[in-house]
Amino acid sequence: MCGIVGYIGQKNTKEILLEGLKELEYRGYDSAGIAVLSGGVFNSFKATGKLINLEEKTKEFQTKGFAVGIGHTRWATHGKPTELNAHPHVGESSYVVHNGIIENYAQLKKNLIDEGVTFLSQTDTEVIVHQFEKNLKTTKNAFDAFKKTIKELEGAYAILLVTKAEEEKIFFAKNGSPMLVGINEANEKYFASSDAPLIGHATDVNYFEDGDYGYVSADEIIIYDKNDTKKAPHFAKLATNKLSAQKDGYRFFMEKEIYEQSDVIADTLLGRVSEKEVLFEELDASLFEGINEIKLCACGTSYHAALTASYLFERYAKVKSTVEIASEFRYREPIMSKETLFVVISQSGETADTLETLKMAKNAGLKTLAICNVDNSSMVRLADATILARAGIEKGVASTKAFATQVTIFWMLSLYLAKRNNTLTQAAIEKQLELLRALPLCVKVQDSMHERIKRLSKRYLHGHGFFFIGRDIFFPLALEGALKLKEISYLHAEGYPSGEMKHGPIALADPELFTIALLPEHLLYEKSKSNVEELSARDSTICAISPLAFDKADDFIETKKQKDYMLEFFEMMVVVQLLSLEISVRLGNDVDMPRNLAKSVTVE
Ligand code: G6P
């Protein structure tokens, strides 16, 4: 997701900022920018796309002697990935970079506009710099103005601000988004939103805590905590391994990405869920005119997200929905009707089979929609409309956070269509919106849960097979759980509908057959339970995942009591992801780069 760097010192500030941004590249971004203040003059550059574009733009620009500078890589959440929306954002004589979300930005922006301030971007970030400059007019100094501004902001943020009003300082604030400052013997100061850019430059780092704010100059690091009490920095030695720094302290990218799900779901919801309805400003209402069927087409994990969507579209929006595996669809001479909306789902937007089906649908004159995590990818360019997932770059080959955002989008889209088709009451929609808002918290990984799964995993390293079973949308989740396990543990696993086990697979049941049973409280609990009992009676080893205790299980992973099965779905998604991860770790496999697999399959 977005990344921040900052620098105070005598070296070539531009180079240091660009180098720092490069170290943040692995997080993914769609635009980048820097602002450098030296000798009372600001120079700022922004570019969309790859960092090379920013390097190109700054080719002629050099800094000599003391300077302060800030830089940012952006993954669009609020406003499109344009140059105007790229950071740093500018006021009359100050620049700001920001990660996170300013929740009360709309109100602040309205007040500022009423007072005559002109906004250049669609971002929430821009209010920070204007609010600061407004406060600067009434306070004694820049720090007081900054402090006042921070107190007026609601939401999550890591902020760096530089201003001509005090040109040798960088003002910072941190609340809910990571930020650190590093030092070295040459008396240079480096800021970043993660360790990686600082390695090789700083020797010691101070990780800011939530509520910290203050400023840094060549000689001082002034920090106040959330109660406005001054505190000394707390330095720790900086790690020297870049790859491990990119993992933000997690053992694997996959683990990091599982933990990131709460944030990326929050980003995916951002600006799309109001009190009354789901909004997709990227969709033109005409896309659904004359449509009586939705056909979803994808591969791998994205296919499982599509399967989940088909249940939600039919249940909430009463639209006939069918799902196709792309590699099958392309060669089976399918009948395509113009009343069908053709939806492709792809993390990368480049998977060859899925891309081909999109071309087929376009050639047949169907309206098309892409659900994708990568802007400007082939599918995004080709489809009539796109809804971007905001998962950030996904490095682990086994997809986790991309799946989470895809299903989030489908849940939102089913409500969007329900409103359009009048198939849910307004009260029912509002209840669903409330659940959606609860989603980021629901997928936060609990330490106790992770520890329990770590302990349990040692019992599941052998056997002649795993069956992940579930009903309704928990069937696609069972498929996804089994796929995760196969991909990274190399153990045989299948996802199966619970009710279908008795029609064949139950013949396999014995103590060496592991059943991972998804037993949500709020969806067909009794029916699913009796399916599991049938397996337990035949001595299959049962690991039940449920908020309700189940005495026929050998192992039990207790999930939280939730208000609705959708929240149970997402919590169980985290459980099956962690279970696969921990089994793979115990088997000593390469979690992030499993054998024989590729992140993006661009060949048939
Ligand atoms: C590859 C990956 C899978 C992924 C599938 C579809 O097989 O290993 O993790 O689910 O491609 O990828 P897409 O980018 O289209 O979602």
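How many disulfides does the structure hold? The count is 0. The model is a predicted one.

## Cysteines

A disulfide is a covalent bond between the sulfur atoms of two cysteines. The cut-off used here is a pair of cysteine sulfur atoms within 2.5 Å. Cys-2 counts as buried, with 17% relative accessibility.

Cys-297 is also in no disulfide. The nearest cysteine sulfur belongs to Cys-299 and lies 7.2 Å away. Cys-297 is buried, and its relative accessible area is 0%.

## Ligand shell

The ligand is surrounded by 13 residues. The closest are Ser-302, Ser-346, Gln-347, Ser-348 and Thr-351. By class, the shell divides into 7 polar, 4 nonpolar and 2 charged residues.

Helix α9 spans residues 300–317. This helix gives the most to the shell, with 3 residues.

## Backbone contacts and cover

For Gln-347, a polar backbone atom is 2.7 Å from an oxygen atom of the ligand. For Ala-598, a backbone N or O atom lies 2.8 Å from a ligand oxygen. For Thr-301, the distance from a polar backbone atom to an oxygen atom of the ligand is 3.0 Å.

On its own, the ligand has 390 Å² of accessible area. The protein covers 90% of that area.

Note on methods
Residues are numbered from 1 along each chain as its sequence is written. This is a predicted model: local features need pLDDT of at least 70, side-chain atom pairs count only at pLDDT 80 or more; totals for chains, interfaces and linings use all residues. Side-chain values use heavy atoms; hydrogens and water are left out. A residue is near a molecule or strand if one of its heavy atoms lies within 4 Å of it. A polar contact is a pair of N or O atoms within 3.5 Å; within protein, one must be able to donate a hydrogen and the other to accept it, and residues adjacent in sequence count only if both atoms are side-chain atoms. Accessible areas come from the Shrake-Rupley method with a 1.4 Å probe; for residues, only the protein chains shown count as cover. Helices (H or I, at least four residues) and strands (E, at least two) are DSSP runs, numbered from the N terminus. Ala, Val, Leu, Ile, Met, Phe, Trp, Tyr, Cys and Pro count as nonpolar, Asp, Glu, Lys and Arg as charged, and the others, Gly among them, as polar. Buried means under 20% relative accessible area, exposed over 50%, partly exposed in between (1.4 Å probe, protein chains only).
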